[in-house]
Amino acid sequence: MEKTVNQRAWLLVIPVLILVAFSSIIPMMTVVNYSFQDSFGGNEFFWVGLEWYRELLHSERLWDAFGRQLLFSFIILLIEIPLGILVALSMPKKGFAASICLVLMSLPLLIPYNVVGTIWQVFGRADIGLLGRALSDLGISYNYSQNAFDAWATVIMMDVWHWTSLVALLSYAGLRSIPSAYYQAAKIDQAGRWSVFRHIELPKMRGVLMIAILLRFMDSFMIYTEPFVLTGGGPGNATTFLSIDLVKMALGQFDLGPAAAFSLMYFLVILLISYVFYTVMITADKNEANR
Amino acid sequence: MSDKPAKRKRRSGSRLSILVMIAYLAFLLVPIYWLVIMSFKSNAEILGMFTLFPENFTLDNYRTIFGDPSWYMGYVNSFIYVSLNTVISLLVALPAAYAFSRFRFFGDNHLFFWLLTNRMAPPAVFALPFFQLYSSVSLFDTHIAVALAHCLFNVPLAVWILEGFMRGVPREIDETAFIDGYGFTRFFTRIFIPMIAPGIGVTAFFCFMFSWVELLLSRTLTSVEAKPITAIMTRTVSASGLDWGVLAAAGVLTIIPGAIVIYFVRNHIAKGFALGRV
Amino acid sequence: MEWMAWTLPTALFFVTIALTLAGMSLLHLKYPGTPRTGILGIETMRGDRLFISLLGSGFINLAWIGLTDASQYGALVICGLFAFCVFRWV
């Protein structure tokens, strides 16, 4: 379906522009202004030039948080994407069972982020939680508030619990769009399960999987509430991801200048990643259409 | 001859599928189950003994919440700003999504990308400037402030989902209506909107959901009057006198609205996720 | 407006950006460019190239601050070169 060129379409977009400009451009401008100044009491400002940037770029705190963040997002993708595909392939195709699975799987997605944190906070405690109790009964020492490794394991497990369903639902939607003729053809060719997956299902899921990777990467890259409730960024700084560190700086210490410089650099990284993903997606779409 | 082993193979394959599915659902549901039964236990039972099922079934925790305005007003506040946000997002997103789905215009791709970046931007970046912005226009601690702040990610989301649904409606319908003498406004409200009603429903669901689950911005922008339930819960957590039973009950009550809406959109949800690129 | 803590340099920065955008739009309306595929293998218009230049300049400036103590004008020169390359070859 070719779209027609119509410049008056701009009129329809104006409300969105105004609203998003109000809640995105004005705050971004403010962040830029703050990042070059020092403030006293939040209303007196002094020009300090690039001081905050220099300080942050030479501080280990920022780089550590950045490294942790990258590692976390990478692990999340590594677990959730294959697991989500596996679950989607295992889902019942239709009928009552499919509805039940859909509803139950969506449930974690609808739980407020802080309640997700609370659920796992309770679940993992050795005194009152099922998981913590079971592990300690098995003789495994496990304490997510003392041991950095346990904290990481819990945060990752929590995120897998929370978001794998999203990947699964997206993949499921992709699988549903495959015409049954494809499967019949594969059957005639006596194709095995693996080659059906490799040559029919995976290519058809490519579009939704790309979206899934983008969303999971971005959302895990800005994760805040769940680890904040679960571990508070600890033990020590072990689970202090970028957003947790930033909020600590901005709202905890109310350091307007450094927090603004931090925000701006964070945003630049996000902008770069979004642009790369978006361009790859658009280019893939175009190639698909030309084929 | 070759038919039989193939059949057996498929059946064993489906048995494996069922196993994977059951294991996955169990993994999802056990933590929720733990929260639910905890909300029916007394604190003495939670801390004193380890039971898989509440020994002394009690509704006291829920009574505490429904008897204390500082608890239940949290739910009311959340509902107010979530509904406001859903309505605002839909109202501005509907025309924009129509424009993106039907026309090419100057800068459309760049505009779309710009909207995407707002969906991807970390709320933590915006928490501080939002706090300053809404304080300066004296909207701090109002429902509308939170509703507007959540538009940052919900409006782009609504535009994408709606655009996906609208692209599925053939253009001929628009053209026929215009030939029949319908003006744009009348066509849009009388014909087009009813046609994409399921899409609007799914969009509303996602706006509702993302506004409902968000904590950081809603906590930053409120203090007393509009404090949402999620913020009240984290406050309770950080205060050291932990009342686990009440906390669990409050958590269960935040899950219920989502569970109810999801039942209504269950048949569209997979499609919605795919279109919405949420 | 006071809470936004405007300063002359940042105001000039945003005015420059706004003027560049306006200029590019006018240029596009008068002489619509054609998309081309450059060394990155993606189709770009003038607007895309401007965006890549600006985004890249942000990172160049940050790298300059992080790696050297020299004057920031050095970074500006590199940004200019970078933008030239982007407009020429991407």
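This is a predicted model: local features need pLDDT of at least 70, side-chain atom pairs count only at pLDDT 80 or more; totals for chains, interfaces and linings use all residues.
Residues are numbered from 1 along each chain as its sequence is written, and chains are lettered from A and ligands numbered from 1 in the order written.

Of the 278 residues in chain B, 46% are buried, meaning 20 or more other C-beta atoms, placed from the backbone, lie within 10 Å of the residue's own. Take the chain B contacts (C-beta atoms within 7 Å) between residues at least 6 apart in sequence: 80% join residues at least 24 apart.

Now, a helix pair. How do helix 7 and helix 10 of chain B cross? Helix 7 (residues 143-167) and helix 10 (residues 197-213) have axes, lines fitted to C-alpha atoms over the stretch in contact, that come within 9 Å and cross at roughly 160 degrees. That makes helix 7 and helix 10 of chain B roughly antiparallel, the word for angles over 145 degrees. Among the residues meeting there are Phe153(B) and Leu157(B) from helix 7, and Val202(B) and Phe206(B) from helix 10.

Quick look at chain A: UniProt, in an unreviewed entry, lists residues 66-277 as "domain: ABC transmembrane type-1". That span of chain A is 76% helix and 0% strand, with its end C-alpha atoms 20 Å apart.

Notes: A residue is buried if 20 or more other C-beta atoms lie within 10 Å of its own, exposed if 12 or fewer, and partly exposed in between; C-beta atoms are placed from the backbone. Two residues are in contact if their C-beta atoms, placed from the backbone, lie within 7 Å. UniProt positions are given in the numbering used here, feature names are shortened, and annotations may be inferred rather than shown by experiment. Helices (H or I, at least four residues) and strands (E, at least two) are DSSP runs, numbered from the N terminus. Axes are lines fitted to C-alpha atoms, for helices over the stretch in contact, and angles run from 0 to 180 degrees between N-to-C directions. Angles under 35 degrees count as roughly parallel, over 145 as roughly antiparallel, 65 to 115 as roughly perpendicular and the rest as oblique.
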